[in-house]
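Let's take a walk through this structure, one piece at a time. Have a look at it first, and then we'll go over some of its packing.

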Amino acid sequence: MIADNPWIDAAVRTLLVALLAILVVLILIWLERKVAGRMQMRLGPMVTGPYGIMQSVADAIKLLTKEDLRPATADRWVFELAPFAAFVPSLLALISLPFTAHLFVRNLELGLFYIVAVSGLSTVGLLMAGWGSANKYALLGAVRAAAQLISYEIPLVLAILAVAMVSGTLNLVEIVNEQGRVPYIVWQPLGFAIFLIATLAELRRNPFDIPMAESEIIGGPVIEYSGIRWSMFFLAEYVNVFVLSVLGSLVFLGGWNWPLGNEVGWPLQVVLILLKTSAMLLLFMWLRSTLPRLRIDQLMSFCWQVLLPFAFVAIILNGLVLVYEWPDVVLGLLSGFAALVAGALVYRGSRRAVPTPRWPLAPARGID
Amino acid sequence: MIIEERELETIDVYVNVGPQHPATHGVFRMVLRVDGELVVDLEPVIGYLHRGAEKLSENCDYRQALAFQDRTEYLAQFNAELCYVIAVEKLMGLEVPERAEYIRVILTELNRIASHLMFMGAFSADLGVFGTLFMYAFRERERMLDLFEEISGDRMMYSYFRVGGLAWDVPENFVERTRWMVKEARQGIADIDGLLTENEVFLARTRGIGTITAEQAIDWGFSGPMLRASGVRHDLRRAEPYSIYDRLEFDIPVGDRGDVYDRYMVRLEEMRQSARIIDQCLDQMPEDGPIVAPDLKRVLRPPAGEVYMRAENPRGEYGIYLVSKGADKPYRLKIRSPSFCHLAALRDMTIGHYLADAVLILGSVDIVLCEVDR
């Protein structure tokens, strides 16, 4: 408790989280540009401050002072409220995240369930933006975002469910405490792989940046936005990246625990969770810099035909281990083997001979 | 309760891509008719860059008209210049000194690599790689442009070849520097290969997309990598050797399905073959000697007649049709540009694919809009 009055206590904690969100986003954008720059043999931002550390601040000031444009044909309220509909869910998720055993706003009993539920909501913001902009690119992007949501959400939930089965709780603090000795990534490699891929899809980052696709639909739903409203989408995106990285490190990487089960004090706990989160973040940035983009139908068939069956496999394996009380090592081996099988299937599937299509593929309908 | 089975009514939407769009690689516009994500019709709209280069050439003398070649084919300027100067030399019956021929071929092949690198960068951006491959490709290309600038004095518009030879000799360290550059370029090509070729996402996106069979490719007048990707082993450097290509050893890579993946692979392999050609040229090149044909008049007046010269450019068959009436200016100059022919087939290649693939197919054509519109 920070203050005695629960209301003041809650307000202070919420304010801290909001400040944390802004700070995290500023750092993440700078880091992303630096990492991408290094990957591309560039320096990244170097002018504003030492190593360009103030670049995000400069960008933020620029965005805040820009004119807030709205197309004449746009649906006014839908267009103007969409950025908030996209941003608020990511803040909601941040509120229930524990950073150490005692550092959180609210530790919900159903924390895991809650975070998964609200993080899907930001797609509503994109749908509103796409519909309200009165722009065909934006509409295409919004529909893609909705199609993407229904595809990846189920494998994501199932992968997390596998962990919840073993730990027997949805409370994030207790899930982390369960990993006192060994983090779940060791016993659940398949679950972690599915979680990672579904997270990439949830974050709409390469190779799943299909709703935003720069080279096809030029930013998709956010195409008509400028200034502060556009930066709200950006803010939402990076808060989401942070939230899901923290979630991944809590659920699979053991959170604030030192791997071999030593109790550590809270300063070291903060360092540990930050390190594990950074590992996830850098992995996302690395993937973003190097991978091409999938097509929307390929994303859907991948999610339904590969991720979903293997997510069920993960659940079944967990169920078997729980029912017959096999040791954890068996679960780790089985899950690792299943992950390898999934990888091999993807490897073979992407290389199988493509049939020569009949040509032309479809009758032309003409352009009036 | 009776449930009436009723088909959901959908309407086709027109999506206008370009002329200001990251995927169009220049000022090109295509009107797409899409049913959801599926492209059901497409209309390419060209002409935004028409400057009348052919007509302008008729008002310049034979040396001045060379400059329009750089501005027509702005990614493979040396290749276009080579085609033009050979056309005029054919008309005049000129013999070009050995050393000038070798320098021309070295620069032309370097320019081919640079142009294909540009394709790799732009194509990967179409694919959605977040700039990394673009920078890899541009690292190599930038070295070449530096060399070209040092030789000719300009980064883009070289105007370095002359009818009968070259404008001036290359710098002293040309051979060592080119050798080093080719070595580095080989590493750069390997980097691109490693980052993209075996990537599962890349395979899923490019295989079986925009397929054109060999017969269709010939019917459409395809040439260059687009034709070879469909499995036709036709390369003008081998079929009608010009300059010194008959003395050089190189392979002609061909694809078998004629899809976007094959076009990418053909271009990747062509870069390696170009590097091979450059190595041979550097070995065989005479140490010194004249670089311009002797007894060349200041003002070129080819005898009356006409000539069609075609050369293998990075994009395909680049042709110059030249009519002379004996004056110091061409009577008629016509440019046959490969990208124009490839764009004609864009509609048939794209219909039936998804919107995302339309961008990819356009990228795989590797168009240069200045050359299309002239």
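## Ground rules

Helix axes here are lines fitted to C-alpha atoms over the stretch in contact, and angles run from 0 to 180 degrees between N-to-C directions. Helices (H or I, at least four residues) and strands (E, at least two) are DSSP runs, numbered from the N terminus.

This is a predicted model, where local features need pLDDT of at least 70 and side-chain atom pairs count only at pLDDT 80 or more, while totals for chains, interfaces and linings use all residues. Residues are numbered from 1 along each chain as its sequence is written, with chains lettered from A and ligands numbered from 1 in the order in which they are written.

## Two helix pairs in chain A

Start with H11(A), residues 227-251, and H12(A), residues 266-290: their axes are 8 Å apart, at an angle of about 120 degrees. That makes the two helices oblique to each other (under 35 degrees is roughly parallel, over 145 roughly antiparallel, 65 to 115 roughly perpendicular, and the rest oblique).

Now try H3(A), residues 76-95, and H5(A), residues 122-132, which pack with axes 7 Å apart at about 165 degrees. These two are therefore roughly antiparallel. H3(A) brings residues including A:Phe79 and A:Pro83, and H5(A) brings A:Leu126 and A:Trp131 among others.

## Where the chains meet

How many residues does each chain put into the contact? Chain B gives 44 and chain A gives 40. On the chain B side, H7(B) has the largest share, with six residues. That side divides into 21 nonpolar, 10 polar and 13 charged residues.

## The largest nonpolar core

The largest nonpolar core has 229 residues, and A:Ile194 and B:Cys83 are among those touching the most other members. Such a core is a set of buried Ala, Val, Leu, Ile, Met, Phe, Trp, Tyr and Cys residues joined through C-beta atoms within 7 Å, where buried means 20 or more other C-beta atoms within 10 Å of a residue's own. H4(B) supplies the largest share of this core, 17 residues.

Leaving aside neighbours within four places in sequence, A:Ile194 is in contact with residues including A:Pro155, A:Leu307 and A:Phe310.

Technical notes
Contact = placed C-beta atoms within 7 Å. Nonpolar A, V, L, I, M, F, W, Y, C, P; charged D, E, K, R; others polar. Buried ≥ 20, exposed ≤ 12 C-beta atoms within 10 Å, placed from the backbone.
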